[in-house]
Amino acid sequence: MFANMTSGLDFHSKALVLRAERQRVIASNIANADTPGYVARDVDFKAAMSNATGGGLTAGTSNHQNGGSSGTTHARHIPLSGGAIGTLGGTSTLAYAAQSQPSLDGNSVDLDRERANFVDNSVRYEATLRFINGQSKTILSAIQGQ
């Protein structure tokens with residue numbers, strides 16, 4: 001019975017960890033906006049969350065703006081080997097973000113897109129915290145019999 005009450009907390013705690021990891025990746029992209037040759041990275045949140053909760057999306061099932069969980073946009077493309085997100089022990093990888101503006105120095109960071117992603121992710125992080133807080137208060141009220 002206790003597992004049923006805390007299953008929502010478990011889901012939101014995994015989402016919170018993934019949101020924090022995505023925030024770190026976006027911040028790294030922004031910090032390296034002027035680094036020649038730097039390639040922007042992003043976390044496919046849907047695929048990472050599916051892996052974290054046991055859904056296990058396979059490569060190519062997600063069609064995120066950055067090319068899906070394998071980093072490819074077509075079945076015949078060679079998958080990119082990105083860095084693993086080790087915070088949840090899953091097999092999710094960082095994908096390369098699609099370059100929207102060509103640059104002479106080879107840097108693929110689009111500051112406008114990164115700032116928008118940063119704000120969007122921050123709002124979703126805060127919402128996840130509020131869900132966890134609300135569920136914790138509900139469980140505490142139930143335990144106290146109020």
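In which helix is Asn 117 found? Asn 117 is part of helix α3, residues 111-144. The views below start from the whole chain and return to that helix.

This is a predicted model, in which local features need pLDDT of at least 70, side-chain atom pairs count only at pLDDT 80 or more, and totals for chains, interfaces and linings use all residues. Residues are numbered from 1 along each chain as its sequence is written, and side-chain values use heavy atoms, with hydrogens and water left out.

**View 1. The whole chain, read by secondary structure.** The chain has three helices and two strands. Along the sequence they follow the pattern α-β-α-β-α. Helices (H or I, at least four residues) and strands (E, at least two) are DSSP runs, numbered from the N terminus. The chain has 146 residues, and 34% of them are buried. Buried means under 20% relative accessible area, exposed means over 50%, and partly exposed lies in between (1.4 Å probe, protein chains only). The accessible surface is about 8800 Å², with 57% of it on carbon and sulfur atoms. Such areas come from the Shrake-Rupley method with a 1.4 Å probe; for residues, only the protein chains shown count as cover. Of the contacts with a separation of 6 or more, 68% join residues 24 or more positions apart. A contact means heavy atoms within 4.5 Å.

**View 2. Helix α3 from end to end.** How far apart are the end C-alpha atoms of α3? They are 49 Å apart. The 34 residues of α3 should span 50 Å at 1.5 Å a residue, so the two values agree. The expected span is 1.5 Å times one less than the number of residues. Gly 145 follows α3 and has a positive phi, near 75°.

**View 3. Asn 117 and the buried residues of α3.** Asn 117 counts as buried because its relative accessibility is 13%.

View 4. Ser 108 sits in the loop between β2 (94-96) and α3. Is Ser 108 buried or exposed? Ser 108 is buried, because its relative accessibility is 5%. Its side chain reaches the backbone nitrogen of Ala 40 at 2.8 Å. Not counting residues up to four places away in sequence, Ser 108 touches Tyr 38, Val 39, Ala 40, Gln 99 and Arg 113.

View 5. The whole structure holds seven salt bridges. A salt bridge is a side-chain nitrogen of Lys or Arg within 4 Å of a carboxyl oxygen of Asp or Glu. Side chains of opposite charge can pair when their charged atoms come close. Lys 14 bridges to Asp 10, with the closest N and O atoms 3.6 Å apart. These two are four residues apart in α1 (residues 2-31), so about one helical turn separates them. Asp 10 is partly exposed, at 39% relative accessibility. Glu 21 and Arg 24 form another salt bridge, 2.7 Å from N to O. They are three residues apart in α1, so again about one helical turn separates them. Glu 21 is buried, at 11% relative accessibility, whereas Arg 24 is partly exposed, at 45%.

View 6. Glu 126 and Arg 130 form a salt bridge, with the closest N and O atoms 3.3 Å apart. The pair is four residues apart in α3, so about one helical turn lies between them. Glu 126 is partly exposed at 36% relative accessibility, and Arg 130 is exposed at 59%.

**View 7. The largest nonpolar core.** Nine residues make up this core: Ala 15, Leu 18, Val 25, Val 43, Phe 45, Ala 48, Met 49, Ala 52 and Leu 94. The elements giving two or more residues to it are α1 and α2 (45-52). Helix α2 gives the most, with four residues. A nonpolar core is a set of buried Ala, Val, Leu, Ile, Met, Phe, Trp, Tyr and Cys residues joined through side-chain atoms within 4.5 Å. Leaving aside neighbours within four places in sequence, Met 49 is in contact with Phe 11, Lys 14, Ala 15 and Leu 18. Apart from this core lies another, of five residues, including Ala 33, Tyr 38, Ala 40 and Val 109.

Technical notes:
A polar contact is a pair of N or O atoms within 3.5 Å; within protein, one must be able to donate a hydrogen and the other to accept it, and residues adjacent in sequence count only if both atoms are side-chain atoms.
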